[in-house]
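Hi,

Here is the structure I said I would pass on.

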Amino acid sequence: MLQIMHDKMQGWVAGIIAGVIALTFMLWGVQNYLSTGVDTQIVVKIIGKKITRAQENIAYEQIKRSEMMQLGQNFSLDQKTQAQLKKRIRQQLIEKEVLSQEIDKMGFDIGQEQLWAVVSGLPIFQQDGSFSIDYFRQITERLFYSEKVFFEGL
């Protein structure tokens, strides 16, 4: 197949086409290389634990999605608000990690039944005054959570 292409395409037009294809693949490769490095970039180290840019981005998207759901059409996010939100998220991630490490040191643990009791009492997951497992799943999916990830975070 390559031989047929070589035989049929000759001259400066073929050179331009080959150059455009090569440039496209080159830029695509560079972009993938650079974006892969950003996600694994360590933002903060807390007593041996690392918070990466990817974790920060996931938390940002979850909070942004939550606010979009709450505010609807009134939602807007300018650059100043984005910067404040990212700063707040980083602080929350740091506080969460410090608290988690301290809780582990103290030996505290919480059972699955206790977590479900807390979740079922939250007004956001209730429909017509009672807890709805289907509504819980819809809300968590919209916020990019699986049930497992949601409970781990809780």
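Predicted model: local features only at pLDDT ≥ 70, side-chain atom pairs only at ≥ 80, totals over all residues.

Residues are numbered from 1 along each chain as its sequence is written, and side-chain values use heavy atoms, with hydrogens and water left out.

Pockets

The search runs on a 1 Å grid over the protein atoms alone; a pocket is an open set of points where a 1.4 Å probe fits, with protein on both sides within 12 Å along at least five of seven lines, and a lining residue has an atom within 4 Å of a point. Points are joined across faces, edges and corners, and the volume is the space filled by probe spheres set on them.

The largest pocket holds about 1500 Å³ of space. Its lining is made up of 32 residues, and those nearest the centre are Lys96, Val149, Glu152, Gly153 and Leu154. Helices and strands here are DSSP runs numbered from the N terminus (H or I, at least four residues, for helices; E, at least two, for strands). At least two lining residues come from each of β2 (49–52), α3 (53–71), α4 (79–106) and α7 (147–153), and α4 gives the most, with eleven. By type, the lining splits into 17 nonpolar, seven polar and eight charged residues.

Charged pairs

I call it a salt bridge when a side-chain nitrogen of Lys or Arg is within 4 Å of a carboxyl oxygen of Asp or Glu. The structure has five of them. For accessibility, buried is under 20% relative accessible area, exposed is over 50%, and partly exposed is in between (1.4 Å probe, protein chains only).

Arg53 pairs with Glu56 at 2.9 Å between the closest N and O atoms; both sit in α3, three residues apart, about one turn of the helix. Glu56 counts as buried because its relative accessibility is 6%. Glu56 also bridges to Arg90 (2.6 Å, N to O).

Within α4, Glu102 and Lys105 are three residues apart, about one turn of the helix, and they form a salt bridge at 3.4 Å. Lys105 is exposed, at 60% relative accessibility. Returning to the shared partners, Arg53, Glu56 and Arg90 are joined into one network by their salt bridges.

Which charge is buried yet has no salt bridge? That is Glu97, with Lys49, the nearest side chain of opposite charge, 4.5 Å away (Lys and Arg count as positive, Asp and Glu as negative; His and chain ends are not counted). Glu97 belongs to α4.

A loop residue

Asp128 has a positive phi, near 55 degrees, and is not a glycine. Asp128 lies in the loop between β3 (126–127) and β4 (130–131), and is exposed at 84% relative accessibility.

Cheers

Technical notes:
Nonpolar A, V, L, I, M, F, W, Y, C, P; charged D, E, K, R; others polar.
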